[in-house]
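These are my notebook entries on a structure that I opened today. I set down what I looked up, entry by entry.

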Amino acid sequence: MTERTEARLDSWKEIAAYLRRGARTVQRWEREEGLPVHRLRHGTLGSVYAFPAELDQWWTQRSAGRPAAEAAAEPSVAVLPFADMSRERDQAYFCEGVAEEITNALGRVEGLRVASRTAALHARTGAADSREIARRLRVRTLLEGSVRQSAGRLRIAVELVDAHTGFQLWAERYDRETRHVFAVQDEIARAVVGALRLALSPPQAARLWPPGTREVRAYDCYLRGRRLYEQYSTRDVEAALRLFSRAVELDPGYPQAHAGLADCWSYLFLYRDRSETHRASAERASLQAITLAPGSAQAWASRGLALSLSGRDQEAADAFAEAVQLDPGLFEAHYYRARHAFAAGWPQAALRAFEEAMRVRPEDYQAPLLAAQIYDDGGRPEEAATVRRLGIERARRHLEVEPEDARALYMAANGMAALGGRERAREWAERARQLRPDDPMVLYNVACIFSLLEMPEPALDCLEKAVHSGLRQRGWCEHDSNLDALRSHQRFQALLRDL
């Protein structure tokens with residue numbers, strides 16, 4: 001594949017030239033093998049476009065295995081985001097939670113390929129119809145639904161559609177009390193399995209819904225907390241901590257809520273205050289999570305993160321390995337494992353884990369952008385450039401859904417800086433800093449970008465402010481090649497001593 005910096009290829013001719021094939025060949029690949037070509041809404045044949053990063057990924061997958069069309073012929077489903085039909089339109093987090101629980105349950109069914117929650121969310125954005133969404137996600141069927149919750153009552157309407165034919169395979173409407181939401185989610189997942197003519201063995205049926213809670217108020221707090229935690233800002237994590245704490249008060253036996261608490265305490269230890277209280281709280285909450293649910297991959301991933309705070313590197317690595325073994329499809333297990341390995345100075349282990357994270361969540365922008373740095377450090381610049389372009393394009397699409405996500409902005413900016421896009425990198429970095437001017441994680445990453453742009457003084461200013469605001473990622477600072485341009489400066493060496 002040739003290197004290219006344009007954001008988009010706007011015709012069959014450009015797509016064919018990029019792939020070094022004839023136009024008829026790439027049209028056949030799009031028709032038969034799922035080549036990621038997009039069409040404008042009016043649907044004329046000539047109105048097509050493609051992103052180089054998506055073509056690169058498709059080419060890699062095609063070279064390594066079966067064509068996408070073969071994969072899409074298997075039993076497969078995507079659970080699209082459920083629409084919020086409540087009067088106030090303030091239940092988006094609850095709708096997302098219901099869809100995510102069903103996605104997770106279906107993901108435990110052997111022989112069924114399930115698109116991830118975030119892939120389904122992003123694929124729907126700007127897509128013209130169900131066929132286009134299914135093509136993007138490489139699935140045959142789509143589960144769509146709506147949720148209305150009011151005064152203790154719940155109405156969920158769902159339908160399962162064959163996206164290739166447009167035929168409805170199954171549909172149902174549930175009018176229940178809100179406290180019965182768990183039973184409804186279970187019924188929907190089992191109905192989808194039945195409609196796809198799959199059979200659940202008794203062990204599979206038992207694994208469909210791992211230990212959780214039956215207290216709907218705790219569940220509501222957990223869903224809101226998880227959504228806030230995923231914003232990766234100190235303010236949002238502190239709010240998530242309060243919600244997870246409330247969930248545990250309502251149901252002390254809720255393992256996912258304890259895991260959420262552990263993740264929050266770990267984050268605050270790393271990015272706000274390296275206090276013994278925070279570290280001990282993270283370890284205590286993670287231990288409680290695995291005690292309550294020893295078969296929960298999420299609990300073990302949180303445990304690994306908590307153990308890494310006190311330098312117990314091998315114990316943390318063992319916990320992450322347990323999480324991956326329990327659920328190879330859990331993104332957080334691979335992603336936390338990769339970040340831990342990088343901070344511990346194990347770049348090849350980090351790279352393998354980032355690659356696995358990319359595999360299980362193909363729409364994620366973080367893992368490819370972090371993996372690119374390791375490829376570069378290891379003398380593999382072509383692979384680094386390919387995954388950087390991929391990560392930047394994924395971040396762009398993510399920002400279409402979440403335009404004020406500072407993390408997507410600064411991570412994409414880092415990739416742009418590494419590829420030589422100085423002006424755009426600085427512009428996006430400044431946008432991220434304006435959104436969260438005092439957030440330690442934002443400041444650290446903006447420092448990395450300035451370092452790549454050979455702006456040492458602004459980089460050191462940001463890094464010092466990050467440390468003074470609570471950043472305590474010594475291992476990351478020691479091994480992050482983005483900061484290599486700063487290492488000879490006395491100010492940087494003083495910061496390392498402070499860490």
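How many nonpolar, polar and charged residues are in the lining of the second largest pocket, by class? I found 17 nonpolar, six polar and 15 charged residues there. For the classes, Ala, Val, Leu, Ile, Met, Phe, Trp, Tyr, Cys and Pro count as nonpolar, Asp, Glu, Lys and Arg as charged, and the others, Gly among them, as polar.

Entry 1, basis. I noted that this is a predicted model, in which local features need pLDDT of at least 70, side-chain atom pairs count only at pLDDT 80 or more, and totals for chains, interfaces and linings use all residues. Residues are numbered from 1 along each chain as its sequence is written, and side-chain values use heavy atoms, with hydrogens and water left out.

The largest share, seven residues, comes from α5. Helices (H or I, at least four residues) and strands (E, at least two) are DSSP runs, numbered from the N terminus. On a 1 Å grid over the protein atoms alone, a pocket is an open set of points with protein on both sides within 12 Å along at least five of seven lines, a cavity is a set where a 1.4 Å probe fits but cannot get out, and lining residues have an atom within 4 Å of a point. Grid points are joined across faces, edges and corners, and a volume is the space filled by probe spheres set on the points.

I counted one cavity of 30 Å³ or more. The largest cavity has a volume of about 240 Å³. It is lined by 19 residues, with Leu370, Tyr444, Asn445, Trp476 and Asp480 nearest its centre. The elements giving two or more residues to this lining are α18, α20 (406-418) and α22 (440-452), and the largest share, five residues, comes from α20. By class, the cavity lining has 10 nonpolar, six polar and three charged residues.

I then turned to helix α17 (residues 347-360) and helix α18 (residues 366-377), which pack at an angle of about 150° with their axes 9 Å apart. Therefore α17 is roughly antiparallel to α18, a term used for angles over 145 degrees. Axes are lines fitted to C-alpha atoms, for helices over the stretch in contact, and angles run from 0 to 180 degrees between N-to-C directions. Among the residues that meet are Leu351 and Phe354 in α17, and Leu370 and Ile374 in α18; contact means heavy atoms within 4.5 Å. The residues of this contact divide into 12 nonpolar, no polar and one charged.

Helix α21 (residues 422-435) and α22 pack at an angle of about 165°, their axes 10 Å apart. That makes α21 roughly antiparallel to α22. Arg426 and Arg433 are among the α21 residues that meet α22, where Val446 and Phe450 are included.

Arg89, in the loop between β4 (83-84) and α5, has a positive phi of about 55° although it is not a glycine. Ala151 also is not a glycine and has a positive phi, of about 50°; I located Ala151 in the loop between β6 (141-150) and β7 (153-162).

Key:
Parallel < 35°, antiparallel > 145°, perpendicular 65-115°, else oblique.
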